[in-house]
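Please read this briefing alongside the sequence and the model.

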Amino acid sequence: MLMLAMTRRLTEGIEKVRKEATIGAPTGHTLQGKKVGIIGGGKIGKTFEKMCTAAFGMQTCSTTSKSSRRELEDLLRTSDIVSVHCPLTENTRGLLGKKELEMMKRSAVLINTARGHIVDKHALAKALQENSLQGYATDVFWDEPADPSDPFLDLPNVLVTPHMLSSTHEFFDAIADRCAENVKAVFIDNNPSVLQNRIV
């Protein structure tokens, strides 16, 4: 959702049609043939990678916690879109700072649906203000909920949603079902070895 919104300049289009009679603008980019770099090789990252190739015809590359520094740098330098899906740990806090953001293409979009602190906020704001990065889309913030008065939210090339991408009725139903299965496993079947805590 965020990837499409950024590359097709959806928020700009919505704002434009509310202010003036217009059609066919702004002009965005198609995803087909573009390269998406995925930071994080867990279930979510792998699922996202499959979606990018199958649904959009994109090229993909990815890094995991076992990847080398050089592999991360290659991903940053060659990707049209960089999407962050790794957990926040001591090793990933500030993973994308000034040096890493400068490696990215000026036309690149950075997407973060993992945790805010994986990206250095000040370095990111500077890159966006100087247009050395096309845009940033995120469903996570450094402090949640985000402060509506935060100047970062006013940057024109930023798209922020309130940590809501998993907030669907179906997802919460699945969580309830999983909880019920876990309770049954422990208290009725006496088999805690089958406990699960993930939906994806």
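The structure is a predicted model, in which local features require pLDDT of at least 70 and side-chain atom pairs count only at pLDDT 80 or more, while totals for chains, interfaces and linings use all residues. Residues are numbered from 1 along each chain as its sequence is written, and side-chain values use heavy atoms, with hydrogens and water left out.

**Helix α3**

- Helix α3 covers residues 43-56, and its 14 residues reach 19 Å from the first C-alpha to the last, close to the 20 Å expected at 1.5 Å a residue. Helices (H or I, at least four residues) and strands (E, at least two) are DSSP runs numbered from the N terminus, and the expected span is 1.5 Å times one less than the number of residues.
- Gly 45, Phe 48 and Cys 52 are the buried residues of α3. They line one face of the helix, because they fall within an arc of 65° when seen down the axis of α3. The arc is that of the directions from the helix axis to the C-beta atoms.
- Buried means under 20% relative accessible area, exposed over 50%, and partly exposed in between (1.4 Å probe, protein chains only).
- On the face of α3 turned away from its buried side are the exposed residues Lys 43, Lys 46, Lys 50, Ala 54 and Ala 55.
- The elements that cover the buried residues of α3 include α1 (2-7), β1 (35-39), β2 (59-63) and β3 (81-84); contact here means heavy atoms within 4.5 Å.

**Backbone geometry**

- Most residues other than glycine have a negative phi, and most peptide bonds are trans.
- Ala 25 and Pro 26 are joined by a cis peptide bond, with omega about 0°. Pro 26 is found in the loop between α2 (10-19) and β1.
- A cis peptide bond also joins Glu 144 and Pro 145, where omega is about 0°. The loop between β5 (135-138) and β6 (158-160) holds Pro 145.
- Arg 9, a residue other than glycine, has a positive phi near 55°. It lies in the loop between α1 and α2 and is partly exposed, with a relative accessible area of 30%.
- Asn 131 is not a glycine, yet its phi is positive at about 55°. Its position is in the loop between α6 (121-129) and β5.

**Aromatic rings**

- The structure holds six aromatic pairs. Rings of Phe, Tyr and Trp (its six-membered ring) pair if their centres lie within 6.5 Å; planes under 30 degrees apart count as stacked, over 60 as edge-to-face and the rest as tilted.
- Phe 141 and Phe 152 form an edge-to-face pair, because their planes stand at 65°, with the ring centres 6.1 Å apart. Both residues are in the loop between β5 and β6, eleven residues apart.
- Phe 141 counts as buried at 7% relative accessibility, and Phe 152 counts as buried at 4%.
- Trp 142 and Phe 152 also make an edge-to-face pair, with ring centres 5.1 Å apart and planes at 80°. These two residues lie in the loop between β5 and β6, ten residues apart.
- Trp 142 is buried, with a relative accessible area of 8%.
- One aromatic cluster is formed by Tyr 136, Phe 141, Trp 142 and Phe 152.
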